[in-house]
Amino acid sequence: MLSAYTSDEIRAAERELMARLPDGTLMRRAATGLAATCAGLLPRVYGGRVVVLAGGGDNGGDALYAGAALARRGARVHAILAGRTAHEGGLGELRRAGGRVAEARSGDAVLMEDLIVRADLVMDGLAGIGGAGPLREPYATLARLCRRAEGVVVAVDVPSGVDASTGEVAGEAVRADVTVTFGAVKIGLLIDPGASHVGALTPFDIGLRPWLPEPGVVALTGADVAARLPRPGPESDKYRRGVVGVVAGSDRFTGAAVLTVGGAVRAGAGLVRFASSAEPVARVRARWPEAVTTVLAPGEGIGEVGRVQAWVLGPGMGTGEDAHALARSVLGSDVPVIVDADGLTLVARDRSLLRREAPTLLTPHTGELGRLLGVPSGEIEAARLRHARRAAEELSVTVLVKGSTTLVAEEGRPVRANLTGTPWLATGGTGDVLAGIAGAFLAAGMTCYEAASCAAHVHGLAARMAAGGPGEGEAPVAALDVALELPAALRSLTVG
Ligand SMILES: NC(=O)C1=CN([C@@H]2O[C@H](COP(=O)(O)OP(=O)(O)OC[C@H]3O[C@@H](n4cnc5c(N)ncnc54)[C@H](O)[C@@H]3O)[C@@H](O)[C@H]2O)[C@@H](O)CC1
Ligand SMILES: Nc1ncnc2c1ncn2[C@@H]1O[C@H](COP(=O)(O)OP(=O)(O)O)[C@@H](O)[C@H]1O
Ligand SMILES: [K+]
């Protein structure tokens, strides 16, 4: 399990550790790791062109010391100082190592731009965990220039401009190819929009671990998910493995039904019971003969469908009066329910539907969450963590917020950030498949929190495998591809 921390938590741990070490030891450690990573990224250290962007704080200090280490190995290092002051020790050491220094406020702007654009490597030491609010000038201009860098951009600790505690980005921010982060992963490196500025995340241990608290945000690794996945034993039968009920689709949206059932079938449900109107039932029977289906008359509830261990409610079911009555019937049951898509619209309109004893998992995208909380979706995308936590607390349910970063929030537990996935997932119907996967896991006896975070991981992995990846070429995926790739994704998790 990967743990992630706020700036305050990291600072507190640093204070504890620093009190036990000679002055400057930590910064030396950080700079040594940073320099080693940078050396590995340069085609050749000797003669390599390195630009160090140094802010006025300790982040600039790390970068200056690392720049000095590279200069001692023959790199041509230029530091551009953004602050009114610079870290004295680091600056002195860089000068002694033969590095050159310019001041962003008073130097030749054209020359500095040229240095950044043509460098083999740009080190972003503008701001780290001490950064607050939008980057001011000249920091913002330097961050913007990094986009035009032809060489590799290495963020020191955190890409400058990204809020290390939340992933929020209030203005300009550096887009790094690699981020070398010290001591512990910061929350903002895992959650968009911050996460998309990180590039390859390279943690470097400086010995903070013993002083870090319980994390507020965690991420499951493949091994964590593999250890949690339901697996049949010798005594299993289809009922013990878990029967998932799916209420989805309508005469207008038949595909949502096929995709949701597909997610559940391919993720390993013992049995899928599907209930809807005649048209989606016909489509589901044709595509997934494994499912047991029931045709519901308009306004009819789920009374005749049979026993299930969990329900998936909502994709494509419509939002009219009959759909409302059906939602009430499903949420009136005493088993866990996943509410997705149209089900979320119904719940946003009538919150009383959520008054129930059994667990509930909501799986909104940011637009649906916006309707639930009365907040524009843009605000949610800019501050995902805060809104995911707020939703879980206000609605007293487990919430899986979809989008470029998927988060699972439940009161009293660390928020889980998902590390798999691909932007190719941004296509119609993939959310339906996700709801089906979560349904299969929930029916197998997992909690909403575990089912949601494992489903997000497996879904993202299947999508990546379907889309291809670095070295093998990539292609768009369709939602059904994601469902069909699930067994391969699950198999890849369980090898080794
Ligand atoms: N404290 C420690 O013991 C260690 C700290 N380390 C480094 O120290 C960093 C934290 O250092 P600091 O606390 O000095 O903070 P930073 O260096 O992150 O930032 C503070 C500096 O940036 C400026 N700044 C902040 N927000 C700004 C904005 N929006 N626009 C323009 N300028 C802004 C401040 O005026 C100040 O000069 C870490 O990220 C890490 O890189 C490492 O050396 C490891 C050890
Ligand atoms: N930019 C993106 N990067 C990665 N994953 C994304 C992105 N946009 C959407 N997704 C994922 O794609 C799926 C879309 O689900 P959803 O919005 O419910 O679509 P639909 O209702 O069409 O099925 C979710 O799993 C979501 O996390
Ligand atoms: K930085």
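I began at the end of a sheet, where β12 (residues 271–276) and β13 run parallel and are joined by four bridges. Strands are DSSP runs (E, at least two residues) and helices are DSSP runs too (H or I, at least four residues), numbered from the N terminus. I take two strands as paired if DSSP finds at least two bridges between them. Looking along this pair, I found F274 opposite T293 in β13.

A note on ground rules: this is a predicted model, in which local features need pLDDT of at least 70 and side-chain atom pairs count only at pLDDT 80 or more, while totals for chains, interfaces and linings use all residues. Residues are numbered from 1 along each chain as its sequence is written, chains are lettered from A and ligands numbered from 1 in the order in which they are written, and side-chain values use heavy atoms, with hydrogens and water left out.

**The twelve-stranded sheet**

Next I traced the sheet that holds this pair. It is open, has twelve strands with mixed pairing, and reads β8-β1-β10-β19-β18-β17-β16-β15-β14-β11-β12-β13. The edges are β8 (185–186) and β13 (292–295), each of which pairs on one side only.

I then looked for a helix on this sheet. Helix α17 (residues 448–467) lies across β16 (360–362), β17 (398–401), β18 (407–409) and β19 (415–417), at about 15 degrees to β17. Contact here means heavy atoms within 4.5 Å. For angles, axes are lines fitted to C-alpha atoms, for helices over the stretch in contact, and the values run from 0 to 180 degrees between N-to-C directions.

What does E450 touch, leaving aside its neighbours within four places in sequence? E450 lies in helix α17, and its contacts of that kind are R228 and R416. Its side chain makes a polar contact of 2.8 Å with that of R228, and one of 2.8 Å with that of R416. A polar contact is a pair of N or O atoms within 3.5 Å; within protein, one must be able to donate a hydrogen and the other to accept it, and residues adjacent in sequence count only if both atoms are side-chain atoms.

**The seven-stranded sheet**

I moved on to the other sheet I had marked. Seven strands form it in the order β4-β3-β2-β5-β6-β7-β9, open and with parallel pairing. Its edge strands, β4 (100–103) and β9 (200–204), each pair on one side only. From one strand to the next the twist averages 20 degrees.

Within it, β2 (residues 49–54) and β3 (residues 76–81) run parallel and share six bridges; V51 has H78 in β3 as its bridge partner. Helix α3 (residues 58–72) packs on the sheet, touching β2, β3, β5 (121–125), β6 (152–156) and β7 (178–182), and its direction makes about 150 degrees with that of β5.

β3 and β4 also pair in the parallel sense, over four bridges, and there A79 is partnered with V101 in β4. Together with helix α4 (residues 88–96), β3 and β4 make a right-handed β-α-β unit. Right-handed means that, with the strands pointing away from the viewer, the path from the first strand over the helix to the second runs clockwise. I also noted helix α5 (residues 109–118), which lies across β2, β3, β4 and β5 at about 120 degrees to β2.

**Ligand 1**

Which residues come nearest to ligand 1? Of the 25 around it, they are R11, D58, D62, G128 and D157, where near means a heavy atom within 4 Å. A nitrogen atom of ligand 1 is 2.9 Å from a side-chain N or O atom of E14. The backbone of D58 has a polar atom 2.7 Å from an oxygen atom of ligand 1, and that of P134 has one 2.8 Å from a nitrogen atom of the ligand. Ligand 1 alone exposes 850 Å², and the protein buries 86% of that; accessible areas come from the Shrake-Rupley method with a 1.4 Å probe, and for residues only the protein chains shown count as cover.

I checked the backbone of D157 as well: its phi is near 70 degrees, a positive value in a residue other than glycine. D157 sits in the loop between β6 and β7.

**Ligand 2**

An oxygen atom of ligand 2 is 2.6 Å from a side-chain N or O atom of K402. The protein covers 77% of the 570 Å² of accessible area that ligand 2 has on its own.
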